[in-house]
Amino acid sequence: MKVCDFTIRSNTRLNDRNHLLKISPVGNEPLPEMYPGQFVQIRVDNSPLVFLRRPISINFVDYQQNEVWLLIQRVGEGTTKISALSAGENMNLMFPLGNSFTLPDNKGNFLLIGGGVGTAPLLFLGKKMKEKGLKPEFLLGGRSEKDILQRVDFERLGTLYCTTEDGSLGEKGFVTQHPILQEKKYDFIYTCGPKPMMVAVARYAQQNGISCEASLENLMACGFGACLCCIEKTIRGNVCACTEGPVFNIKELTWLD
Amino acid sequence: MAGLKVNIGELELKNPVMTASGTFGYGTEYADFIDLGRLGGIFVKGTTLEPRQGNDYPRMAETSSGMLNSVGLQNKGVDYFVDHLYPKIKDYDTHMIVNVSGSTIEDYVACAEKLADLDKMPAIELNISCPNVKEGGMAFGTSCQSAAEVTREVRKVFPKTLIVKLSPNVTDITEIARVVEDEGADAVSLVNTFLGMAIDVESRRPKLSTITGGLSGPCIKPIAVRMVWQVYHAVRIPIIGMGGICNWQDAIEFILAGSTAIQVGTYNFVDPASSVKILEGIEAYLDRHHIASVNELVGQINYL
């Protein structure tokens with residue numbers, strides 16, 4: 001873990017609420033090893049009322065360009081300030097934080113299920129899986145077509161299935177209603193997105209005997225295990241989602257009890 | 001180079017900058033970010049006689065220039081601390097001080113007794129001001145009678161430096177400070193968090209599972225400075241000041257108001273190296289103003 005300044009290389013608006021920031025360390029110092037599922041904490045500058053850092057998933061690490069990609073969804077003042085940063089401006093990051101998804105050793109059928117901006121860490125995970133010779137498949141859901149982010153990037157890594165609530169792209173409905181879940185037998189599911197979606201995915205995985213990991217987005221203050229605010233209730237008691245997560249095997253969680 | 005050493009009771013600190021309980025874990029969480037040996041002291045997480053799971057999620061709500069928390073003293077209990085955590089932290093080149101909390105006077109006493117036996121535990125901070133536990137905690141710190149009683153009983157079993165952490169959720173904080181001084185406290189630390197509340201307007205739900213929680217961060221600083229100043233004029237024992245300190249200017253403000261030492265709290269979450277930056281800022285300030293020792297600055301407000 002360390003704290004350092006990054007320069008924004010580009011800021012691309014993906015839709016009305018989401019921006020893709022590509023950033024590099026000031027001085028272009030080489031990036032350390034990072035793993036899919038880990039996150040960063042961004043300090044929000046020039047906004048005195050916004051006190052805490054904003055935890056953001058690592059969307060992708062491009063080691064050739066020495067760039068980290070971050071998907072920023074504008075929710076409140078903090079994320080609005082961050083998404084308004086322009087190329088050439090700096091921001092202060094604490095990183096890399098948290099554990100990561102488990103990369104499987106053996107070949108099998110892997111499905112990465114994401115919803116909304118929760119698809120962010122799945123791109124980096126898909127890349128790592130592909131590098132290992134595995135074949136990730138993606139099932140992404142959103143309200144409508146414009147909410148399914150980075151489709152081209154995901155399609156480069158593996159088969160992409162989509163659901164939208166209004167039917168503007170892929171199957172109409174929620175990710176758990178996609179027919180592929182009935183047609184194909186998966187060995188491992190990875191999921192990140194809104195909690196109701198992840199709970200539904202976890203239930204499907206449990207009922208079908210599929211291993212499943214979920215990446216949580218609990219509210220947090222510090223991001224490194226000091227404040228004990230982001231706790232998740234597990235079978236081992238309350239644990240910090242920032243240090244013992246954000247990725248948990250659903251067997252550890254108490255969602256389905 | 002200005003002198004930075006200060007004394008809290010019999011405890012000598014190499015400098016007045018410490019970190020506040022509940023914001024600094026057991027120090028180890030910060031080892032990647034700073035050299036812990038540079039600090040005057042580290043107040044570790046609130047510790048109770050029995051393990052506590054703390055309150056349900058959500059336990060945190062950000063507010064303007066601050067945050068509410070209702071962690072509820074999640075910790076593994078004093079025995080776990082003594083057996084597993086203390087051995088890992090006792091050799092840091094700084095003072096490790098445990099914040100002791102409880103639901104009954106017997107809990108406080110039993111916890112303090114166990115800590116008194118540890119060689120490298122020179123002091124405890126008696127937490128009579130936690131707003132996030134149902135029984136005890138803040139209840140002890142909001143009446144003179146119970147504050148006096150818990151201080152008196154712990155004093156009997158804890159011969160080393162006894163610091164009592166005061167609650168700001170009282171009508172007159174100087175009354176509480178006076179009674180704990182009378183009962184033998186070596187120092188007071190203030191302030192703990194202010195009882196606060198936040199509501200999500202869309203769902204109309206309280207933002208914390210416990211409905212109310214403790215407010216901290218720069219939003220409380222002017223109130224905390226005022227309370228330190230009042231207590232400085234009410235007691236003779238040293239004051240450890242805290243409440244929203246983010247930079248060296250804030251720290252100097254607390255010292256001028258009457259603090260012999262300070263604690264950096266919530267801002268550690270934003271900048272985990274802030275305590276060391278504050279120390280360096282204090283040092284530069286003293287040199288710039290040709291002040292030989294930080295002690296000369298305590299309570300030295302210029303009213304003219």
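Domain bounds here come from an automatic or database domain assignment. This is a predicted model, in which local features need pLDDT of at least 70 and side-chain atom pairs count only at pLDDT 80 or more, while totals for chains, interfaces and linings use all residues. Residues are numbered from 1 along each chain as its sequence is written, and chains are lettered from A and ligands numbered from 1 in the order in which they are written.

For chain A, the assignment gives domain 1 (2–97), domain 2 (110–215) and domain 3 (218–257). The centres of domain 1 and domain 2 of chain A, taken over C-alpha atoms, are separated by 24 Å. Twelve residues from domain 1 and twelve residues from domain 2 of chain A make up their contact (two residues are in contact if their C-beta atoms, placed from the backbone, lie within 7 Å). On the domain 1 side, strand 5 (60–62) and strand 6 (67–73) of chain A each supply at least two residues; strands (E, at least two residues) and helices (H or I, at least four) are DSSP runs, numbered from the N terminus. By class, that side of domain 1 of chain A has six nonpolar, six polar and no charged residues. Ala, Val, Leu, Ile, Met, Phe, Trp, Tyr, Cys and Pro count as nonpolar, Asp, Glu, Lys and Arg as charged, and the others, Gly among them, as polar.

Now for the two chains. In their contact, 22 residues of chain A meet 26 residues of chain B. Strand 1 (2–13) and strand 15 (237–240) of chain A each supply at least two residues to the chain A side, which has 15 nonpolar, four polar and three charged residues. The predictor gives the complex an ipTM of 0.93 and a pTM of 0.95.

Let's finish with helix 8 of chain B. Its buried residues are B:Ser274, B:Ser275, B:Ile278, B:Leu279, B:Ile282 and B:Leu286 (buried means 20 or more other C-beta atoms within 10 Å of the residue's own, exposed 12 or fewer, partly exposed in between, with C-beta atoms placed from the backbone). An α-helix has 3.6 residues a turn, so residues three or four places apart point the same way. Among the elements covering the buried residues are helix 6 (248–257) and strand 14 (261–264) of chain B. The face turned away from the buried side carries the exposed B:Ala284, B:Asp287 and B:Arg288. Just after helix 8 of chain B, B:His290 takes a positive phi of about 55 degrees.
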